[in-house]
Structure formats: structure tokens, C-alpha cells
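Colleague: I am new to this structure and would like a guided look. Could you show it to me?

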Amino acid sequence: MNIGRVSPKHKKCPFQKSRTSSADFAFFASLHVGQHLANFLLHAVRIKLREDRPQLLITLLNVILPLLYFALVWTYGKAFFADSLSAERIKTPALLGVVLIHLLYLILRTVEFDHPPATTAFEVLTILAFSVSVTYLVIEYRSKTKETGYFILNIAFVFQAISSIFIEDLTDVPDVLRSNLFGLHVSTALLGYAAITISAVYGFLFLMLYHQIKANRFGVIYKKLPNLETLERMNFSAVKMAFVLLSFAIVSGFVWLLKAFDDFSYTDPKLIGTLIVWGLYGIGIVAKAAAGWSGRRMMILSICGFALALFSLTFINVFFTDFHKFH
């Protein structure tokens, strides 16, 4: 037996302690440096968050809004197609909540970027989504009819989804677009276009239900939609709102033009297009009161008015007008 020998695996290295101490020192030094670096970065992030808080909130709302509209459409759809009592109970308060959040988003954009959010096509789309929702909320409250929300709020969802994907945060815009009068003109015009859109939806639903009744098809559309008289009344409410709002938009637009531009043409295609749409709805209102227009005639007029408004808002606005182009 080798009593005095120490097995190699139990033999202690004379430098083991110093190696361990060096490793520990390096580890704790790295940890200390890392902690200071993390604190520095956290402090920098906090300062950045404090400075950019409004823009971060705007970005967050820009992401959240399409999701809220999707949830809203789903709620109205569940109430319409599945007869969900819970969805029926919460859908109107949910709509009001989304409208208020969307209003906060528009106010924040206006304040942070120092101009109304209507200088690009994608800013206009978010105002259109808001306008469609507000106009429908007013009509729903006045008519006490909630069955058409699914069809109308789908439009608001599509508008907001496209806007959220492509919108840009612009701070450098022409001074004429920072005018409050310009903001009033655009707001009333887009609310008018939203009412036109809703009147067209009611016109389409009226015609769809009318043809289903004629064909003796009594499915979910027949069971869940309001009757033809109610759809006609809701359509006419939207038509009157569109006419009044476009009237304000035209008047405020002319006042703004006189202040913003030294020379402009009254024959600008966008002006002519807007006046044609406004006149078409005015003729419809007079014809209904004086000549008793009703039913399919008014629905077809609403759909034609929407087609003209869409053509004016897109094709004419981009390619033919001098001062209505989005910047």
C-alpha cells in the first residue's frame, strides 16, 4: 500500500485558488460593468420615452385601432348571425368606446404633427373610418335599429386597416394645410362622404331584401334585417345628413380657397364633381318631398351618388384637380 501517495484526481494544484479568484473577479467585474451599462441604457430609454411619449401613443393606437374595429365587426356579426345576447348587449357601448378612442387618436395626430390628419390619402382614410362609425352611431341612436351595423362597420374596418398599414407621420406640410378652416372643410366633407357611403349601404340592403322578397327567399337576411320601410327611412336620414354636411363643406371650402390661393379655377374638376354629388342628393330630397319619390328610386339614387363621390374622391382627386391633391 502506498499510504503516503495522494491519488492524482485528489491532488490539489497550487495555482487552483488563484485561478478561481481571477475567474470570480472577472465574472463580478463583467457583471458590474453590465449592470452599469443596463442602467445607462434604461435611463436613455426612459428619457426617450418621456420625449416621444405622444408619438409612441400614436403608434400604439395606430396598431390597436384596426384590431378594435375587427372586434367590433365580429361582435355585430355574432349578434346578427348567431343571435348572441351578450354580443347584442355590448355592441353599442363597444362602438361608442371605439369611436372615443379613434377621436383621441385623431386629436393626438393633429396636436403632435401640427396639422389636421388630412394631408395624405391614408390620413383621409382614417378620418373616413371615424366618420362612417360616427355617422352610423348617430343613425343607430335615432332609428333604434341595430341590425345593419355589421355591414356598415366592415367598411370602417377596411378603411382603418389600409390607413394603419400605409400611413406616414408627416411634420413638413404646406402652411395652407395647417389651417383650422382647412380642417373644418375636410372634416365636414368626409363626414358627408361617410353619410353617402352609409346611404348606399342601406340602398344596397334595401334592394337585396326587395329582390329576396320577390323571389320568395326568406333566409337570415330576411329574418334579421329591418323591413323595407325602416331601411328606406334610415337611407333617407343618411341622405339628409350627407346633403347638410356637404353644404357646410362646400361653403367652408370656398372660404378657405379664397384665403389659401391667389388664383384658382372655379371649373376645377373636383369642385364640379362635388357640386354634382351635392346637387344629386338635393334633387333626391326635393323629389321625395314634392313628387313622392320612394323605394327603389331613392335607393338607386343613393348608390349612384356614392359611385360619383367615390370617383370624385379618388380618380378625379389624384389625376385631374390642381389644388385638391393630397400632399
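Colleague: Before that, what kind of model is it, and how are residues numbered?

Modeller: This is a predicted model, in which local features need pLDDT of at least 70 and side-chain atom pairs count only at pLDDT 80 or more, while totals for chains, interfaces and linings use all residues. Residues are numbered from 1 along each chain as its sequence is written, and side-chain values use heavy atoms, with hydrogens and water left out.

Colleague: What is the mean pLDDT of the protein chain?

Modeller: The mean is 80, and 76% of the residues reach 70 or more; pLDDT is the predictor's confidence in each residue, from 0 to 100.

Colleague: Where is confidence lowest, and where highest?

Modeller: Helix α1 (residues 16–51) is lowest, at a mean of 53, and helix α5 (residues 149–166) is highest, at 94. Helices here are DSSP runs (H or I, at least four residues), numbered from the N terminus. Over residues 1–20 pLDDT stays under 50, and the model has one contact beyond four places in sequence for them; contact means heavy atoms within 4.5 Å. Where pLDDT is low, the predicted coordinates should not be read in detail.

Colleague: Changing topic, how many salt bridges are there?

Modeller: The count is four, a salt bridge being a side-chain nitrogen of Lys or Arg within 4 Å of a carboxyl oxygen of Asp or Glu.

Colleague: Which residue does K91 pair with?

Modeller: K91 meets E88 at 3.2 Å, N to O. Both lie in helix α3, three residues apart, about one turn of the helix.

Colleague: Is K91 buried or exposed?

Modeller: K91 is buried because its relative accessible area is 3%, the cut-offs being under 20% for buried, over 50% for exposed and in between for partly exposed (1.4 Å probe, protein chains only). E88, at 31%, counts as partly exposed.

Colleague: And what does R109 form a salt bridge with?

Modeller: R109 pairs with E123, their closest N and O atoms being 3.6 Å apart. This pair links distant parts of the chain, with R109 in helix α3 and E123 in helix α4 (residues 121–143), 14 residues apart. Both R109 and E123 are buried.

Colleague: How far apart are the closest N and O atoms of K288 and E232?

Modeller: They are 3.3 Å apart, in another salt bridge. K288 in helix α9 (residues 269–290) and E232 in helix α8 (residues 228–260) are 56 residues apart in the chain. K288 is partly exposed at 23% relative accessibility, whereas E232 counts as buried at 16%.

How values were computed: Helices (H or I, at least four residues) and strands (E, at least two) are DSSP runs, numbered from the N terminus.
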